[in-house]
Amino acid sequence: MSDNLKLYGYWRSSAAYRVRICLNLKQLNYQSVPIHLVKQGGEQHSAEYHALNPAELVPVLVDGEMVLNQSLAIIQYLDDNYSAVQVIPSIGALRYQALALAQDIAIEIHPLNNLRVLQYLEGTLELDEKHKLEWIHHWIEQGFQAVEEKLRRHREHYGECLYSISHSPSIVDICLVPQVYNAQRFGVPMENYPLINAVVAACNELPAFIAAKPENQPDAVR
């Protein structure tokens with residue numbers, strides 16, 4: 001275990017949630033540094049944090065001299081450097097399918113309903129709550145329809161599995177659980193996604209996922 005890992009994040013950030021799950025699955029000790037994305041205009045815009053990540057987004061992982069942003073890159077870094085527990089399949093078609101599914105969620109679905117996009121919709125474009133929720137529901141539902149179909153096709157080819165692509169949690173589950181948390185937070189109907197629901201339920205029985213939940217973070221607003 002490393003004593004040098006430091007994670008800058010926000011309790012309700014989906015991207016930071018992913019990294020927390022990964023760190024927990026690997027049983028790595030880390031220091032959590034909260035960056036409040038709303039208070040005082042957003043602590044991510046401070047000069048100190050800007051020096052860590054000019055994009056002014058969370059998360060940022062610091063490991064000794066390594067300073068790294070982007071959750072998928074961080075997960076791959078952790079897999080490459082703390083490999084006792086692997087969350088990305090090592091070889092073969094399953095590796096690339098896992099990476100593609102993770103990107104379906106983290107790159108195609110999540111960015112359209114993250115905080116800065118919603119702030120732009122509400123502020124600059126002056127969307128009311130009803131139209132903002134329509135935006136969120138549209139993009140999450142479109143993305144989940146594709147993910148649900150891919151999970152079904154995967155089972156038709158490889159057989160039934162407990163988690164997204166295998167009988168152990170992977171980068172796909174690490175991305176899926178936070179996105180479902182987001183969907184539920186905004187009231188997205190989930191009855192049309194039985195495989196997604198089953199996978200997330202199985203994940204949320206695991207201590208690594210439970211400990212990573214937003215409401216279990218020290219900076220959570222209760």
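Reply: Strand S1 and strand S3 (residues 60–63) pair in the antiparallel sense, over 4 bridges; here strands (E, at least two residues) are DSSP runs, as are helices (H or I, at least four residues), numbered from the N terminus, and two strands pair if DSSP finds at least two bridges between them. Within S3, Val60 is the bridge partner of Tyr8. The model is predicted, so local features need pLDDT of at least 70, side-chain atom pairs count only at pLDDT 80 or more, and totals for chains, interfaces and linings use all residues. Residues are numbered from 1 along each chain as its sequence is written, and side-chain values use heavy atoms, with hydrogens and water left out.

With strand S2 (residues 31–34), S1 pairs in the parallel sense, also over 4 bridges; Gln31 in S2 is the bridge partner of Lys6. From S1 the chain passes through helix H1 (residues 14–25) to S2 in a right-handed β-α-β crossover, that is, with the strands pointing away from the viewer, the path from the first strand over the helix to the second runs clockwise.

Because 4 of the 5 residues of S1 (residues 5–9) are buried, this strand is largely enclosed by the rest of the structure; buried means under 20% relative accessible area (1.4 Å probe, protein chains only).

S1, H1 and S2 each supply at least two residues of the lining of the largest cavity, a cavity being a set of points on a 1 Å grid over the protein atoms alone where a 1.4 Å probe fits but cannot get out, with lining residues having an atom within 4 Å of a point. Among the lining residues are Leu7, Tyr8, Ala16, Arg20, Ser32 and Val33.

Notes: Buried means under 20% relative accessible area, exposed over 50%, partly exposed in between (1.4 Å probe, protein chains only). On a 1 Å grid over the protein atoms alone, a cavity is a set of points where a 1.4 Å probe fits but cannot get out, and a pocket is an open set with protein on both sides within 12 Å along at least five of seven lines; lining residues have an atom within 4 Å of a point.
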